[in-house]
Amino acid sequence: MENLLANCVEKNLSQFMFTNAIFFCERLLAEFPSEVNLQLLARCYLSNSQAYSAYYILKGSKTPQSRYLFAFSCFKLDLLGEAETALLPSEDYVDEVPGGAAGHYLLGLVYRYAGRKNSSIEQFRMALSFDPLCWEAYRELCSLGAAEEASTVFGNSAFQRLQETFVTQRINFSEGANIDQLTDSDKASRDTSLWRTEHVPGENQQDPKIRQLGADIPPDTDRQLNTNGWDLNTPSPVISQVLDAPPPLLHKNMLRSAVEGSLMSVHGGRRIKFSEEMSAEATEGSGRRRSARIAARKKIPMSQSFGKDSYRLHLSPSESNCVPSPSSMIEKCRIQSSKEATTSGQSISDIGSSVDDEENKNPSESSPDSSSLISGISEVLNLLKILGNGHRHLLMYNCQEALLVYQKLSLKQYNTHWVLVQVGKAYFELQDYFNADSTFTLAHQKYPYALEGMDTYSTVLYHLKEEMRLGYLAQELISVDRLSPESWCAVGNCYSLRKDHDSALKMFQRAIQLNERFTYAHTLCGHEFAALEDFEGAERCYRRALSIDTRHYNAWYGLGMTYLHLEKFEFAQHQFQLALKINPRSSIIMCYYGIALHESKKNDEALNMMEKARLTDAKNPLPKYYKANILASLGDYHKAQKVLEELKECAPQESSVHALLGNIYKQLKLYDKAVLHFGTALDLNPSPSDAVKIKAYMERLVIPDELAMEENL
């Protein structure tokens with residue numbers, strides 16, 4: 001009965017029938033109370049987004065896996081202190097952080113959101129040392145600005161670590177085959193089909209919502225029944241599998257390696273293996289508890305049956321998909337050989353004997369399976385080196401270098417959603433909005449269901465003043481997922497482009513309600529408060545964004561602009577300096593930093609900063625405009641005129657350029673040219689405030705002939 005209920009629960013979890021899994025798991029725990037079944041119920045609760053339920057049933061548990069699940073529940077409930085206590089060793093449990101790489105990764109997230117940057121960096125590095133395929137740990141290090149070069153992280157040491165994992169898994173598999181080997185008569189007398197779970201197509205693919213809500217919960221090591229819910233791999237953008245039926249355009253761009261293509265056989269092999277274990281356990285005596293039988297078979301005490309290396313779990317944010325782990329690839333190689341033997345007429349006992357023969361061989365000897373595995377490890381690490389280097393350059397805002405790195409990818413990998421979004425963000429940071437638009441458009445056309453990066457895409461359309469396209473994009477995203485903060489950010493940008501700042505503010509606040517840690521939504525709220533001249537509210541939003549991510553330079557820039565409007569120029573300089581420290585290649589930040597220096601009467605430093613901004617981005621007209629403005633305020637009209645004449649060739653439709661030129665010609669007493677440029681500025685539809693200033697300049701403009709007539713009278 002216990003095994004039947006446990007198998008039913010696992011099958012329900014693999015098919016995302018979480019409420020049904022909870023129902024039967026409660027029956028299971030009532031009939032057979034044990035730590036193993038308690039952990040299974042906690043997994044069911046977490047899969048169904050009931051972290052509070054898992055929190056209460058696991059509180060006080062001291063086994064490693066229970067501590068990990070409890071810490072995960074605390075993290076979901078934002079109880080960071082309790083999560084840290086559960087993960088760290090103490091007097092009650094002096095062993096290491098439970099969960100191996102996943103445990104260190106979770107502890108790193110706890111430290112990061114608690115504002116302990118150095119501790120979080122240490123934990124993320126520990127996670128990578130445990131599992132080189134823990135991509136999310138490397139991504140977090142990139143976000144914190146502390147990542148080493150990907151060629152180092154995914155280099156020789158990572159290769160050796162994965163090889164060691166292969167040898168360990170191979171030995172464990174052989175030992176398990178010997179223990180669970182049955183005689184032909186025993187197998188003939190038992191119908192094990194009751195315990196076999198039918199493979200569901202698309203089982204390896206995870207729903208983005210479920211991954212966001214914490215459905216990727218680690219299994220206990222003693223219940224290796226359904227690998228979909230258990231042997232979760234490190235999230236990675238390498239293989240883009242999200243939906244069971246991807247659109248045709250996506251299908252032809254997906255990576256189909258030999259390793260991935262054999263995952264189905266892995267799951268099938270493991271289930272057959274479990275059937276043999278159940279049959280073997282039945283002969284030992286039905287009165288024994290399932291958990292006790294498992295511990296006895298492994299020759300270890302019950303209290304030690306949940307070791308740190310017994311499972312692998314990694315939190316799956318919405319922006320990434322799963323990559324085959326070394327363990328799944330290893331088992332694929334092992335089970336393929338068994339499957340071939342079975343199809344050729346060999347019995348299951350023959351499979352066990354073949355495993356015995358292989359056990360006597362040196363695992364390091366070259367064989368077709370081991371050589372293909374080594375080749376697979378090398379290919380995965382080489383791919384991660386390229387992706388890691390590109391991601392690191394992007395988050396260090398070396399955007400040109402990032403684009404060059406991503407161009408090294410194969411066409412199949414380059415056309416995945418994650419890579420296209422990264423390329424679009426690189427163009428966005430370079431202020432190359434046209435290329436960013438084309439890249440994001442391609443990503444959205446190929447993967448209309450993927451919402452990661454769509455907030456940045458909506459900002460690109462905002463800068464391009466594409467109101468109609470932005471409105472259409474917002475409607476599409478809302479129709480895909482109304483509970484995604486990216487969708488509401490797109491709606492907010494649409495309202496902001498229409499100058500409806502109150503409505504835009506409500507949309508951004510809705511995004512924050514859906515995800516309080518969505519940094520960009522806080523920054524966009526600050527921009528809307530600033531547009532409404534509520535600078536106190538703007539400062540509050542920017543501070544909140546920085547409390548989540550201290551390297552979010554947009555928030556530092558927003559604070560600098562706020563202080564600039566409040567005429568707190570010293571404070572503004574400090575904020576711009578911090579923003580430039582994070583993104584030293586932003587010509588816009590340099591421009592406003594130069595303005596703050598000019599307002600503080602540091603004119604030489606201001607001119608140097610404007611020149612530096614001009615050299616950084618020759619396509620940006622702002623440095624030239626503000627440099628001319630500073631020169632005009634210093635009375636150097638000829639230099640200012642020369643700069644503006646160059647700028648006029650680059651931006652002939654900018655009314656502010658013509659207005660400033662008119663003012664300079666007025667000071668040079670070239671009244672005809674002054675009137676010409678003032679008139680041109682008015683024809684280019686300036687803002688209402690600028691139009692008033694231009695008309696005032698024209699009214700004060702005195703033509704020399706009129707002045708002479710007044711003197712004669």
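Over the ring of which residue does the charged end of Arg-517 sit? I looked, and the charged end is over Tyr-113, 4.0 Å from the ring centre. Arg-517 also lies over the face of Phe-75, at 5.5 Å from the centre of that ring. My rule for a charge over a ring: NZ of Lys or CZ of Arg within 6 Å of the ring centre and within 35 degrees of the ring normal.

A note on what I am reading: this is a predicted model, where local features need pLDDT of at least 70, side-chain atom pairs count only at pLDDT 80 or more, and totals for chains, interfaces and linings use all residues. Residues are numbered from 1 along each chain as its sequence is written, and side-chain values use heavy atoms, with hydrogens and water left out.

Next I checked confidence. The mean pLDDT (the predictor's confidence in each residue, from 0 to 100) of the protein chain is 76. Over residues 179-366 pLDDT stays under 50. Where pLDDT is low, the predicted coordinates should not be read in detail.

Then I searched for aromatic pairs and found 19 in the whole structure. Rings of Phe, Tyr and Trp (its six-membered ring) pair if their centres lie within 6.5 Å; planes under 30 degrees apart are stacked, over 60 edge-to-face, and the rest tilted. I picked Trp-135 and Trp-418, an edge-to-face pair at 5.7 Å centre to centre, with 80° between the planes. Trp-135 is in helix α9 and Trp-418 in helix α24, so this pair ties together parts 283 residues apart in sequence.

Key. Contact = heavy atoms within 4.5 Å. Helix = DSSP H or I, 4+ residues; strand = E, 2+ residues; numbered from the N terminus.
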